[in-house]
Amino acid sequence: MSTNIKAVIFDLDGVIVSTDDCHYRGWKKMADEEGIYFDRTINERLRGVSRMESLNIILERAEKEYTEDEKVQMATRKNGYYVEFIQALTPADILPGVMETLEELKAKGIKIAIGSSSKNTPIILKQIGLSDYFDAVSDGNNITNSKPDPEVFLKAADFLGMPYDNCAIVEDADAGIEAGKAAGMVTFAVGSAKGGDVTLSNMKELLENL
Ligand code: B16
Ligand code: MG
């Protein structure tokens with residue numbers, strides 16, 4: 001597609017490893033405790049969205065108003081459950097085709113980075129044995145504005161020292177595809193993400209498009 005791509009920035013949750021179920025179980029436990037209706041369809045809307053914005057989506061179904069302090073307490077409680085669940089992740093949870101693709105990119109001299117909204121990125125990378133593997137990691141800990149704002153991808157490119165138009169992103173969330181477009185990068189969609197420049201039916205197809 002473009003020979004101009006010198007770096008690929010990967011979203012983490014839903015692209016490198018599937019943490020959806022851990023997020024779902026964490027939010028579900030908190031919502032059940034509060035008596036708020038929550039199901040897997042609503043969970044789909046939380047893909048790529050920050051923790052506090054995710055909570056606000058869940059609270060659309062709440063029967064009372066919560067104060068800001070209560071909201072922070074609820075998000076913190078959910079995160080405690082989530083962090084407990086992701087302790088069970090291992091390198092075996094890396095999604096199919098990912099390691100082969102990353103190795104091939106490295107062999108071709110293409111830089112690889114993470115661009116994730118998650119503040120838990122360091123824990124997840126440690127659990128799956130990829131802490132020191134990427135050339136750069138940009139995540140929820142170094143951004144002010146979450147996807148669909150392009151900040152997380154622009155920072156990843158800055159960390160790599162790469163011009164934005166030499167970068168591509170891989171995303172499983174509509175918000176992430178929007179963020180990649182706003183960053184002026186080539187966008188690859190996986191899973192249920194819509195609107196990418198290219199939709200990949202499996203990760204290895206990425207290599208055919210560089
Ligand atoms: P945390 P990604 C996103 O990660 C998840 O898709 C989204 O569901 C989650 O709310 C967000 O991270 C924040 O995560 O609570 O761990 O900071 O897809 O951008 O890698
Ligand atoms: Mg994702």
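This is a predicted model: local features need pLDDT of at least 70, side-chain atom pairs count only at pLDDT 80 or more; totals for chains, interfaces and linings use all residues.
Me: Which residues coordinate the magnesium ion (ligand 2)?

Reply: Donors are N, O and S atoms within 2.8 Å of the metal (3.2 Å for Na, K and Ca), and water is not among the atoms, so sites may look incomplete. Here the magnesium ion (ligand 2) is coordinated at 2.0 to 2.2 Å by D11 (OD), D13 (O) and D172 (OD). Their spacing in sequence is D-x1-D-x158-D. D13 is in the loop between β1 (7-10) and α1 (20-34), and D172 in the loop between β4 (167-171) and α8 (174-182), so the pair ties together parts 159 residues apart in sequence. Helices (H or I, at least four residues) and strands (E, at least two) are DSSP runs, numbered from the N terminus.

Me: Is D172 buried or exposed?

Reply: Buried means under 20% relative accessible area, exposed over 50%, and partly exposed in between (1.4 Å probe, protein chains only). D172 is buried, at 3%. D13, at 15%, also counts as buried.

Me: At what angle do helices α3 and α4 pack?

Reply: Two packed helices are described by the angle between their axes and the distance between the axes. Axes are lines fitted to C-alpha atoms, for helices over the stretch in contact, with angles from 0 to 180 degrees between N-to-C directions. For α3 (residues 51-58) and α4 (residues 68-86), the angle is about 105 degrees and the axes are 10 Å apart. The two are therefore roughly perpendicular (65 to 115 degrees).

Me: How are residues numbered?

Reply: Numbering runs from 1 along each chain as its sequence is written. Local features need pLDDT of at least 70.

Key
Chains are lettered from A and ligands numbered from 1 in the order in which they are written. Side-chain values use heavy atoms; hydrogens and water are left out. Angles under 35 degrees count as roughly parallel, over 145 as roughly antiparallel, 65 to 115 as roughly perpendicular and the rest as oblique.
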